[in-house]
Amino acid sequence: MFRFIFSLPLALSVGTASILWMILYHPSLGMLNYLLGQIGIGPIQWLTDPSAALGSVSLMTVWMNSGFPFVLLLAAIQGLDNDVMDSSRIDGASMWRTFFSIKLPLLSPTLFFLAVVSIMSAFQSFGQINILTRGGPAGSTDVLVYSIYREAFINYQFGTGSAQAIVLFALMLLLTAVQFLVLGKKVHYQ
């Protein structure tokens, strides 16, 4: 049951997840404001307040992108060799020592892959912004990918949109290179 619940975001499309979260974020009928009201906190204008809109879209994006890492980490943990864990227990290693000295290094290739892919995925958050806020309110959710879309396909400034796309590519290339240089040294392959 828990595996199904945690992997559910992987099965939902961006459009479906955005509509679900739009209902959750509704100012008067949404479940989140209802739950906040139950603990004595006033309603929040999740998608119409410039100070809350980007955080609200980010929360939805994190939830939506949590299914893939869950499935990969579950497979990686289940693929760990039990003989190594049993040997560490026989040698008297504590639970924490086993985790930090054996499990974490064995999971490092998967964690490294997830770090690179998750950063790239975070920069590609377009669908949820387009459905939930359309770059508003007051441009607070106008991220680079949405700005590329707006310039190229709404304002018909294809040159500006192309230039922004090249900047996005260079930024993602730089971040990936930094991750490979910094995190790549900490990856232990079996």
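**Figure 1. The largest pocket in this predicted model has a volume of about 540 Å³.** Its lining counts 30 residues, and those closest to the pocket centre are Thr-61, Asn-65, Ser-121, Ala-122 and Ser-125. Six helices each put at least two residues into the lining of this pocket: α1 (2–11), α4 (50–64), α5 (67–78), α7 (95–123), α8 (127–132) and α9 (144–154). Sort the lining residues by type and you get 20 nonpolar, ten polar and no charged.

Figure 2. Ten residues line the second largest pocket, and Leu-104, Ser-108, Leu-111, Lys-186 and Val-187 are the closest to its centre. What does the lining of this second largest pocket look like by residue type? It splits into seven nonpolar, two polar and one charged.

Figure 3. How open to the outside is each partner? Arg-89 counts as exposed because its relative accessibility is 56%, and the cut-off for that class is over 50%. Asp-86, at 34% relative accessibility, counts as partly exposed.

**Figure 4. Asp-142, Arg-150 and Glu-151 are joined into one salt-bridge network.** In this view, the side chains of Asp-142 and Arg-150 meet at 2.4 Å, N to O. Arg-150 also reaches the side chain of Glu-151, in a salt bridge at 3.7 Å, N to O. These bridges share partners, which ties Asp-142, Arg-150 and Glu-151 into one network. Is each member buried, partly exposed or exposed? Asp-142 is partly exposed at 31% relative accessibility, and Arg-150 is partly exposed too, with a relative accessible area of 23%. Glu-151 counts as buried because its relative accessibility is 14%, and buried means under 20%.

**Figure 5. Met-1, Phe-2, Phe-4, Ile-5, Phe-6 and Leu-8 make a nonpolar surface patch.** The patch covers about 700 Å². One of its members, Phe-6, has its place in helix α1. With a relative accessible area of 45%, Phe-6 is partly exposed.

**Figure 6. Ser-28 sits in the loop between α2 and α3.** That loop links α2 (14–24) to α3 (31–38). Ser-28 is exposed, given its relative accessible area of 59%. Where does Ser-28 lie relative to Gly-55? Along the sequence the two are 27 residues apart, and in space they are 19 Å apart, C-alpha to C-alpha.

Conventions: Residues numbered from 1 in each chain as written. Predicted model: local features only at pLDDT ≥ 70, side-chain atom pairs only at ≥ 80, totals over all residues. Heavy atoms only, no water. 1 Å grid on protein atoms, 1.4 Å probe; cavity = no way out; pocket = protein on both sides within 12 Å on 5 of 7 lines; lining within 4 Å. Points joined across faces, edges and corners; volume = space filled by probe spheres on them. Helix = DSSP H or I, 4+ residues; strand = E, 2+ residues; numbered from the N terminus. Nonpolar A, V, L, I, M, F, W, Y, C, P; charged D, E, K, R; others polar. Buried < 20%, exposed > 50% of the residue type's maximum accessible area, 1.4 Å probe, protein only. Salt bridge = Lys/Arg side-chain N within 4 Å of Asp/Glu carboxyl O. Patch = residues over 30% accessible without salt bridge, like charges linked within 9 Å, V, L, I, M, F, W, Y side chains within 5 Å. Areas by Shrake-Rupley, 256 points an atom, 1.4 Å probe, with all protein chains shown as cover.
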